Amino acid sequence: MATSPTTTDTSTNGTATSYIDRVREPRWLNSAEAEVGSYAVKAGLAQMLKGGVIMDVVDDTQAKIAEDAGAVAVMALERVPADIRQDGGVARMSDPNMIEAILKAVTIPVMAKSRIGHFVEAQVLQALGVDFCDESEVLTPADHEFHSNKWAFKMPFVCGCTNLGEALRRIGEGASMIRTKGEAGTGDVVEAVTHARAVLGEIRRLQQLPEMELMTAAKNMGAPYDLVLEVARTGKLPVVNFAAGGIATPADAALMMQIGVDGVFVGSGIFKSDNPAQRADAIVQATTHYDNPDIIANVSRDLGEAMVGISSSELSESERLAKRGW
Amino acid sequence: MPLRIGVLALQGDFQEHRAVFESLGAAVTEVRLPHQLEGLDGLVIPGGESTVIVKLAHRYDFPDALRRFTDEGGAVWGTCAGMIVMARELLEPEPEPFSLMDITVSRNWFGRQVDSFETDIPVKGVPGGPVHAVFIRAPSVREQGDGVECIAKLEDGTPVAVRSGKLMATAFHPELTPDTRIHELFLRMSAGDISSV
């Protein structure tokens, strides 16, 4: 698989970082034909996350609370999207010290965000041993035209999308996982619903088209033709698809699962609420038992206040994070 | 009547297993609550995050129900996280495994995700040449009790698949490849064929 020398050498060559000190000698080296960081193992990790909840955390204490509550992975970032909105300014990759503290605190996969197109931030995350990079519109974009070439990494990437064309462009660039963008930091699930329905609806539409119309469909949605053919044939994205942005309650999570995503990201919704541990646990259970309203009712009791939230319709165009990405 | 196979659907890649078993003609049930184990010939504990699967399983008393299921002759196969869940003991403090099989397992034995890999290995009881094995933050068997047979090793001798009667655990993910031979082996085990391999 395509992995460039500059990015494959950085994370396993034993240069002393506290992460590397912790990792055992990679034992695959003894197995002659082993292929490390191939697309199959990158997309495969996303498959292992299915049916799970990925939670935003800003320090190792929150990471441990999230793991204990049943998070399938944590997203390490300095400020949750609700605070990024409030604070303004340029939002960048997190401090490596903070990311390493979280890598040490939990045994579940750790994700971290790079800016759109900022492939050096992504190289740094891979060197730290981060398990998954989110090339994220929540941070301030570093490139107004291009996203990172994700084939060049052995660390898998997740990218946001608002429609099928955007999802297939990201997959074409090497993303191993897709999420809807939603409108992060609002606690308003409507945009996540809109984007998930857009993607799933466009997939259903492609399945109906005769083959002679698929090239024009690919042109119109700005998507790679081979991926359009594959989606038309299989009726699903070639990679795992999670919902993100504005999910704040157990019922929100179950709603997204019933609409047809593979799992959910919860950002500001947990640690901006009254009782994070209990809410996190409830959202995990609702994601597993998404088609069991009795269990969702039970876990939704006495959770205290959800995050206050901003109605996404009150945001001005310039405040909309989902618009970022090309 | 087709074999009835359950896939533990608390978290992980259970749909991938489901699709393979259905293609082989089994009747597949997604198991989210213990009463759904009733009447199954075999159960797969899929890949996923072992901490999450164990936590959700404890919530609804799965550990006891699973031990009853194996005591009553049900077959169980764990892949990756499933191997961790089935272990008698882990070298790590968390999670608390269910002790379905007499093996000691270490989590994330090969390192983090950036060390994940795929390779070809022969598997005892699987005819037709090596199996393409995908290892994702995979565990490894460190000790095995009497009666547990190692059926696959890496070239350096690291044990990555074990069998004991109607129980099987693999550190890798046959459900992520088009090769269905290990799923076929599990169907034979679920049907009662536990001949030594």
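**Close-up views of chains A and B**

**Figure 1. Where chain B meets chain A.** In this predicted model, 44 residues of chain B are in contact with 58 residues of chain A. Put together, the two chains bury about 4000 Å² between them, and carbon and sulfur atoms give 51% of that area.

**Figure 2. Helix 4 and helix 6 of chain A, packed against each other.** Two packed helices are described by the angle between their axes and the distance between the axes. Here, helix 4 (residues 60–68) and helix 6 (residues 96–105) of chain A pack at an angle of about 35°, and their axes are 9 Å apart. The crossing of helix 4 of chain A with helix 6 of chain A is right-handed. From helix 4 of chain A, the contact takes in A:Asp60, A:Ala63, A:Lys64 and A:Glu67, while helix 6 of chain A brings A:Ala101, A:Ile102 and A:Ala105. Sorted by class, this contact of helix 4 with helix 6 of chain A holds four nonpolar and three charged residues, with no polar ones.

**Figure 3. Helix 9 of chain A and its buried residues.** Helix 9 of chain A covers residues 190–208, which is 19 residues. From its first C-alpha to its last, helix 9 of chain A reaches 27 Å, close to the 27 Å expected at 1.5 Å a residue. Which residues of this helix are buried? In helix 9 of chain A they are A:Glu191, A:Ala192, A:Val193, A:His195, A:Ala196, A:Val199, A:Leu200, A:Ile203 and A:Leu206.

Figure 4. B:Pro95 sits in the loop between strand 5 (89–90) and strand 6 (103–106) of chain B. The peptide bond leading from B:Glu94 into B:Pro95 is cis, with omega near -5°. B:Ser99 is also found in the loop between strand 5 and strand 6 of chain B. Although B:Ser99 is not a glycine, its phi is positive, about 60°. B:Ser99 counts as partly exposed because its relative accessibility is 36%.

**Figure 5. B:Cys80, between a strand and a helix.** Look for B:Cys80 in the loop between strand 4 (75–79) and helix 4 (81–86) of chain B. B:Cys80 is not a glycine, yet has a positive phi of about 60°. Is B:Cys80 buried or exposed? At 4% relative accessibility, B:Cys80 counts as buried, since the cut-off for buried is under 20%.

Note on methods:
Residues numbered from 1 in each chain as written. Chains lettered and ligands numbered in written order. Predicted model: local features only at pLDDT ≥ 70, side-chain atom pairs only at ≥ 80, totals over all residues. Heavy atoms only, no water. Axes fitted to C-alpha atoms, helices over the stretch in contact; angles between N-to-C directions. Helix = DSSP H or I, 4+ residues; strand = E, 2+ residues; numbered from the N terminus. Left-handed = near helix turned anticlockwise from the far one by under 90°. Contact = heavy atoms within 4.5 Å. Nonpolar A, V, L, I, M, F, W, Y, C, P; charged D, E, K, R; others polar. Expected span 1.5 Å × (residues − 1). Buried < 20%, exposed > 50% of the residue type's maximum accessible area, 1.4 Å probe, protein only. Buried area = accessible area lost by both parts, 1.4 Å probe.
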